[in-house]
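Work through these exercises with the sequence and the model side by side. Try each task before reading its solution.

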Amino acid sequence: MKAITKITFFDDNNEKFFGEGPCRLLRTIEKTGSLRSAAITIGLSYTKAIRMVNNAEKSLGFLLIKRITGGKSGGGSVLTAEGKEWIEKYESYRDACIQANSKLYMEIFSK
């Protein structure tokens with residue numbers, strides 16, 4: 001038996017807008033430099049990836065990624081400073097919650 005901690009953020013309308021999926025997508029965008037490549041890498045459709053990013057940006061009130069339009073050298077996407085800060089805070093909060101949950105689990109269920 002084990003307890004699993006999942007951290008998901010909801011907006012004022014109780015709609016999910018950020019969790020592990022969007023966080024993973026943003027980290028992959030950071031590595032690949034492309035929303036399309038990131039979506040393919042993690043097995044999402046491009047339209048779902050766009051929807052995830054747009055939904056999170058709308059709820060947060062700031063841009064997570066900067067989209068660079070194509071052309072001769074091609075386009076791409078990079079995390080904004082606010083985007084980097086947000087995912088770092090999310091990951092710190094998530095990790096702290098996981099540690100706290102593990103501690104509580106041991107205290108309560110190992111007796």
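**Exercise 1: The segment before β1**

Lys6 is exposed, at a relative accessible area of 70%. (Exposed means over 50% relative accessible area, buried under 20%, and partly exposed in between, with a 1.4 Å probe and protein chains only.) This is a predicted model, in which local features need pLDDT of at least 70, side-chain atom pairs count only at pLDDT 80 or more, and totals for chains, interfaces and linings use all residues. Residues are numbered from 1 along each chain as its sequence is written, and side-chain values use heavy atoms, with hydrogens and water left out.

Task: State where Lys6 and Ile4 are found, and which C-alpha separations are given for Lys6 with Asp95 and Ile4 with Ser102.

Solution. 
- Step 1. Helices (H or I, at least four residues) and strands (E, at least two) are DSSP runs, numbered from the N terminus.
- Step 2. Take its partner. Lys6 and Asp95 are 89 residues apart along the chain, and their C-alpha atoms are separated by 9.9 Å.
- Step 3. Repeat for Ile4, which is also in the segment before β1. Ile4 has a relative accessible area of 62% and is exposed.

**Exercise 2: A backbone angle**

Task: Find the location of Asn14 and decide whether it is buried or exposed.

Solution. 
- Step 1. Asn14 is found in the loop between β1 and β2.
- Step 2. Its relative accessibility is 59%, so Asn14 counts as exposed.
- Step 3. Check phi. Asn14 has a positive value of about 65 degrees, although it is not a glycine.

**Exercise 3: Helix pairs**

Two packed helices are described by the angle between their axes and the distance between the axes. Axes are lines fitted to C-alpha atoms, for helices over the stretch in contact, and angles run from 0 to 180 degrees between N-to-C directions.

Task: Describe how α1 packs with α4, α1 with α2, and α2 with α3.

Solution. 
- Step 1. Helix α1 (residues 20–32) and helix α4 (residues 81–109) pack at about 130 degrees, with axes 11 Å apart. That makes α1 oblique to α4. (Under 35 degrees counts as roughly parallel, over 145 as roughly antiparallel, 65 to 115 as roughly perpendicular, and the rest as oblique.) The crossing of α1 and α4 is left-handed. (A crossing is left-handed if the near helix is turned anticlockwise from the far one by less than a right angle, and right-handed if clockwise.)
- Step 2. List the α1–α4 residues: Glu20, Cys23, Leu26, Arg27 and Glu30 in α1 meet Lys84, Ile87, Glu88, Tyr90, Glu91 and Arg94 in α4. By class, this contact of α1 with α4 has 4 nonpolar, no polar and 7 charged residues. (Ala, Val, Leu, Ile, Met, Phe, Trp, Tyr, Cys and Pro count as nonpolar, Asp, Glu, Lys and Arg as charged, and the others, Gly among them, as polar.)
- Step 3. The axes of α1 and α2 come within 8 Å and cross at roughly 120 degrees. These two helices, α1 and α2, are therefore oblique to each other. The crossing is right-handed. The contact of α1 with α2 divides into 6 nonpolar, 4 polar and 1 charged residues.
- Step 4. The axes of α2 and α3 come within 9 Å, crossing at roughly 110 degrees. That makes α2 roughly perpendicular to α3. Leu35, Arg36 and Ala39 in α2 meet Tyr46, Ala49, Ile50 and Val53 in α3. The classes in the contact of α2 with α3 are 6 nonpolar, no polar and 1 charged.

**Exercise 4: The core and a buried arginine**

Task: Which residues touch the most other members of the largest nonpolar core, and what is Arg94 in contact with?

Solution. 
- Step 1. The largest nonpolar core has 23 residues, of which Phe18, Leu25 and Leu26 touch the most other members. (Such a core is a set of buried Ala, Val, Leu, Ile, Met, Phe, Trp, Tyr and Cys residues joined through side-chain atoms within 4.5 Å.)
- Step 2. Two or more residues come from each of β2 (16–18), α1, α2 (35–42), α3 (46–60) and α4. The largest share, 5 residues, is from α3.
- Step 3. Beyond neighbours within four places in sequence, Phe18 has contacts including Ile7, Leu26, Trp86 and Tyr90. (Contact means heavy atoms within 4.5 Å.)
- Step 4. Arg94 is in helix α4. Its relative accessibility is 16%, so Arg94 counts as buried. Leaving aside neighbours within four places in sequence, Arg94 is in contact with Ile7 and Glu20.
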